[in-house]
Amino acid sequence: MTSTDTAILFGAYRLVPSERALFNGGQPVRLSGRAFDLLVALVERPGEVLSKDELIARVWPSTCVEEGNLRVHIGALRKVLHDAGGSLYVENVVGRGYSFVAPVRRITHRDASSPSASASASASAPENVSAAGAIPATPPMPPMPAMPPTRIVGRGDTLQLLAAQVPRRRLVSVVGPGGMGKTTVAVAASAQLAQAFTHGVFLVDLAPLTDGAQVASALALALGMPAMSSDPVAALAAHLHDMHALLVFDNCEHVIDSVAALAERLLRQTPRMHVLATSREPLRAEAEWVHRLPPLALPPLPAAGCPVMHFAAPALAELAATPAVQLFVERATAGMDSFRLGEDNAAAVADICRRLDGIPLAIELAAGRAEFFGVHGLAERLEDCFTVLTRGRRTALPRHQTLRATLDWSYDMLSPVEQAVLRRFAIFRAPFTLVCAAELVQCDDIRAADVLDCIANLAAKSLISADTSGDVMLYRLLGTTRAYALEKLRASGELEWVARRYVRRCCDFLRPAQGDLQRLSPSDWLAAYGRGIDHVRAALDWSFGADLALGLELCAVSAPLWYQLSLMGEYRGHLQQALRLARAAECAGREVLSPQLEMPLALGLGHALLHAGDQADSAERCSAFARALDLAQQAGDHASCMGALWGCYTDAIFNGDYQLALGYAQRFGVAAAGAGGDIHTLAHARMLARAMHYLGQQDTARRHIEFVIRHPLDGLRLAHGRGFQFDQHISSMAIHARVLWLQGYPEQAMQAARSCVGEGLQAGHGISLCFAILVACTVFTWCGDEAEGQRYAAMMLEHAHRSALPQWHFWGRAHAMAQRLLHGHHPPQESELFALQQDPHCGHLQVDVLATLHPRLLSERAIARAESGSAAWCRPEVMRGWGETLCESGSEAQAEHLFERSMAIAAEQGAGGWALRAATSLARLRWSQGRRAEACAPLEAVYSRYSEGHATRDLRLARGLLDELS
């Protein structure tokens, strides 16, 4: 408790608890009794967080009151202190309570009895001048810089760094764009460092100055010196010569040359003086150590394919600990005490903080507007951030009271050339290189060399950010800076020609991409082209609304980029929009789509629909491939013709029309023979192997695929990206693994499947990896390996979700359900099985595969396809599964006939895997009928052909049954 003889000083206030009195500059302050008790409780423990329950118990002892009463009196206390002193002293710590955050000082009450005692005690102004105007040899201590009135969020590492560096280095500059919190950090750091300097810290605010010649006099005023001679710096140096002190020059950017010159001279002539400066660009002074103040740490971005991230505990707690979010929540709560971060608004708060790039001023301004718009409304309005973010603290500098004023201050300080370069850079939505910047910006009045100089100056002034983490230097505009520069670009009348040049630059950048797929490794290709995707997005957004012909060209030439990044759903949307706009233009009498351009767009749409469409899109997909093939043939474009044939072939496989797929493979072979070269020969062999596998001709399929995998070019992935959309080496391994299992080599099949996934992980390509995981899911499910089957099913779900590929996500769900059926863990309900088979992504191919995973996944559609011969590859297993179902219903004669048919068909196909299952089912049925001898012989004959895989599920079941029969 506070002594009855004590007064407490903070800011301009003097609190005398024993007299229940509060003074501001000697004038009494009216405060209600409850608010006064709250103030005393808080001031007694400054910097600590007092819980709401603790405060209620202190102020309302033995009384039951609502928490709302506490909020009312805290609000009244804040209002009195804020209106009188111009700053906030009581901080709401979300979820914990309240804290008094301003520095306090205790003195004996009798020493503060005069009305002016509080002011004189808090100011402690040094009397540096004697009656004769001489400078004393030992200056008095200056006042300690006051800590900011609100808690500093997310700057702990910076303050720790400055605390270590400022005493070691003579000149330290904290540099960053406007609104980044440089002053807050400098004041907090200097307060922490005050005890480390014998003569303390002197803060010099340069913001009010209009001329660099005023810098020396501003410092003199801070030091308490008299008017100076014609050489003020000499007088300052003499005054400071024997002092061990820290000079804090705040807001240097508009008088930076004068500050740099003054700092250099003082540091040369004063052996123990240190300087801490804040500016939007470095001083570029001798021995300067620069700390660029970064934005506050931001929440993570949503995963690919998830436009909104959902937050629930513990994700909500992790979000609440993010500095940018902490600042928003604290400031929003200060203005709207009922505000709480919760699952309903977390995603909107995270989006606001990300869109404001973690800039503290912008976040504070946004939080202040949440009271009027609500968090969701605020997020929706941030497109026009300069209209929304207009109300700052009344005590802030004019240029910090609105975001626009902050950027106006910086923009007005630029040269005309720098202004032109900055506003033209607004066209870049993503990081850009020096070369790209120079090509875009230079014109008759701006040379390439000028661009490089401007970039250096703009980076130095913190108007663009430089990323040095990679092999190539990248630059970007923060989102708020870009929005401001874009306004300037529109107002200048330059937007159209800058945007058109930008789109052409994107087209030129991507023209070599297709050829480079054959020359570069996947990782090197992505390093060279991957970061261009955001530029392509921005360029398409503009061109579809302003220059459709240019947009169509970019949409076509960017195809490899969308494919390699597995962004097929997004590319599908762009392609459909492009073709729709082209048709509308044609109807209006404008020809914007030539056959040469329509062909790659149609081919791209077909591939996009393969991976990002469902069964409802099958007609559009087939039509797109057919149109691409027709246009390629009309143009005599041999390479495009083969690409379109491959698309038609894959579409036929996806549709479960394996005979049609063989026809396209044979047509591809004719074209490949005409083109010559091993690459086309290998592609043709892969197509034949896959078609023959699905047609049930496993021996032929194996010959074709082993020719491919033994060929030295298969491992080089030279066919990757030639319109095939997934790594063809992985395709070879996948077909090989399936054929090996069907032929009775489960161990080799599992090894091939594992290698296939390993290659997929190395390839770094979402669709290729999903293709590899699919074969692993299938092979390990067939082998009955519970652990590996579940692991690969989970991996499929994860990667399909990450790459936003719904077609492949279906496969993950299907295999996960098969694992539950096979191993009895949470077996699915009939409704779940029905929903899976009715899923829009469940086509003929999916139905065929499901029928081989578990008898309960067998559908009438699969039986009809098997009976008609449309699904030859799985026909033996469908017959067997159908027979098992009939056994359960008592139709044993029909079941036996189906088991016998299954064995016969499997033998014709060379499918030992299906033969073993059918023989096991037949043996089990006959044994149940007491026909032991008839049961044993067929199973023994099939089982004896196996030379490996005896630990797999089917072989263990067969061995166990044979032992029972013997």
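**Disulfides.** I searched the predicted model for disulfides, taken as pairs of cysteine sulfur atoms within 2.5 Å, and the structure holds 0. I then examined C777, whose sulfur is 9.7 Å from the closest cysteine sulfur, that of C770, and therefore too far for a bond. C777 is buried at a relative accessible area of 1%; I use buried for under 20% relative accessible area, exposed for over 50% and partly exposed for values in between, with a 1.4 Å probe and protein chains only. I also looked up C454, which counts as buried at 5% relative accessibility.

**Basis.** I note that this is a predicted model, in which local features need pLDDT of at least 70 and side-chain atom pairs count only at pLDDT 80 or more, while totals for chains, interfaces and linings use all residues. Residues are numbered from 1 along each chain as its sequence is written, and side-chain values use heavy atoms, with hydrogens and water left out.

**Positive phi.** I recorded N251, not a glycine, with a positive phi of about 65 degrees. N251 sits in the loop between β11 (246–250) and α9 (256–269), helices being DSSP runs of H or I with at least four residues and strands runs of E with at least two, numbered from the N terminus. N251 is buried, with 6% relative accessible area. R284, also other than glycine, has a positive phi near 60 degrees. I place R284 in the loop between β12 (274–279) and β13 (288–292), and at 56% relative accessibility R284 counts as exposed.

**Q837.** I found Q837 in helix α38 (residues 830–837), buried at a relative accessible area of 17%. Leaving aside neighbours within four places in sequence, Q837 is in contact with residues including C842, L850 and R861, contact meaning heavy atoms within 4.5 Å.
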